[in-house]
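Subject: Structure handover

Hello,

Here is the structure I promised to pass on. Please open it alongside this message, and then read the notes below.

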Amino acid sequence: MTSALPYALIATDLDGTLLRAGDTVSARSCAALATARAAGARHIVVTGRPVPQIRHVLDDLGYTGLAVCGQGAQVYDAARGLLLHSVSMDRGLAEMALGKIEAEIGEVYTAVNQEGLDAEMLIGPGYRMWHPHLPTVRVPQREDLWSAPITKVLLQHPRLDDDELTRVARSVVGDLVNVTMAGEHTVELQPPGIDKASGLARAAEALGVAAASTIAFGDMPNDVPMFAWAAHGVAMANAHRELFAVADEVTLSNEADGIAVVLERLYG
């Protein structure tokens, strides 16, 4: 990396950030990333999705670098198709956390991402999948969710909105697990200490890049730790208010090529 680079590492979230509708990346965004790479910068995907749910996106991008997946629990080498690092969530701890949350607000609908390169997303009773193009397996009862190792638990509530569900869950079990809002209708429980910052720090160390040389793009509260870690955080125009509060800059929306606008200014 040359010291003349504005940032040596470009960390981008996917949903609501780099991706447009239908899991697509615009030609302008692709070109802007290519220009930045030609200048010597590295691009790293940092997403809440587990590896099986992003490989089609990486393939479409021709992406061959490291990717931080599963909300920071996984580091994936796209070029070799290898999972370099993975942190599982203790299933007993997950059940305990759910029990405490439900004692406070009644039944929650749950799903899990299983651990592994070809793992499945299991959907429990009542849980609604808002990304129908992503593969899932519906199970008849919650006990079936714990049939294999998992990386995280996803929650929905029949009445509470995402912000309120996150607030309540964090107040009840925030000392046991990491609670984050990753997107619309997507509140998640992860192992303690696991978030996008921890995953990005691990991947950046492997790449030999420091936080001080990193620019990060995101749109949701799960990107807050990543913004705190990186030197410069850019929120999309469609971002959640919690991210606006900590962002160094706000760009256009994902649908309006907000990432490209910033990269063209920095590397064009």
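The largest pocket is lined by 31 residues. Nearest its centre lie Asp15, His131, Gly183, Glu184 and Thr186. Two words on the basis. This is a predicted model, in which local features need pLDDT of at least 70 and side-chain atom pairs count only at pLDDT 80 or more, while totals for chains, interfaces and linings use all residues. Residues are numbered from 1 along each chain as its sequence is written, and side-chain values use heavy atoms, with hydrogens and water left out.

A pocket is found on a 1 Å grid over the protein atoms alone, with a 1.4 Å probe: it is an open set of points with protein on both sides within 12 Å along at least five of seven lines. Lining residues have an atom within 4 Å of a point. A volume is the space filled by probe spheres set on the points, which are joined across faces, edges and corners.

The largest pocket holds about 520 Å³ of space. Its lining divides into 9 nonpolar, 12 polar and 10 charged residues. Here Ala, Val, Leu, Ile, Met, Phe, Trp, Tyr, Cys and Pro count as nonpolar, Asp, Glu, Lys and Arg as charged, and the others, Gly among them, as polar. At least two lining residues come from each of α1 (14-18), β9 (150-156), β10 (178-183) and β11 (186-190). β9 gives the largest share, 3 residues. Helices (H or I, at least four residues) and strands (E, at least two) are DSSP runs, numbered from the N terminus.

The second largest pocket has about 260 Å³ of space. It is lined by 13 residues, and Arg37, His43, Tyr63, Thr64 and Gly65 are the closest to its centre. α2 (27-38) and β2 (42-46) each give two or more residues to this lining. By class, the lining has 7 nonpolar, 4 polar and 2 charged residues.

Now the sheets. Two strands pair if DSSP finds at least two bridges between them. An open sheet of 8 strands runs in the order β5-β4-β3-β2-β1-β12-β13-β14, with mixed pairing. Its edge strands are β5 (82-86) and β14 (249-250), each pairing on one side only.

Within that sheet, β12 (214-218) and β13 (232-235) run parallel, joined by 4 bridges. Alanine 216 stands opposite glycine 233 in β13. β4 (74-77) and β5 run antiparallel, also with 4 bridges. Valine 75 has histidine 85 in β5 as its bridge partner. The hairpin of β4 and β5 has 4 residues between the strands, and glycine 81 there takes a positive phi near 65 degrees.

Helix α9 (258-267) lies across β1 (9-12), β12, β13 and β14. It runs at about 160 degrees to β12. Contact means heavy atoms within 4.5 Å. Axes are lines fitted to C-alpha atoms, for helices over the stretch in contact, and angles run from 0 to 180 degrees between N-to-C directions.

There is also an open sheet of 6 strands, ordered β8-β7-β6-β9-β11-β10, with mixed pairing. β8 (137-138) and β10 are its edge strands. β6 (109-114) pairs with β9 in the antiparallel sense over 6 bridges. Tyrosine 109 stands opposite glutamine 156 in β9. Helix α4 (91-105) lies across β6, β9 and β11, at about 15 degrees to β9. Helix α5 (162-173) touches β9, β10 and β11, and its direction makes about 165 degrees with that of β10.

Last, the charged pairs. The count comes to 12 salt bridges (a side-chain nitrogen of Lys or Arg within 4 Å of a carboxyl oxygen of Asp or Glu). One of them joins aspartate 15 and arginine 49, at 2.6 Å, N to O. Aspartate 15 is in helix α1, and arginine 49 is in the loop between β2 and α3 (55-61), 34 residues apart.

Best wishes
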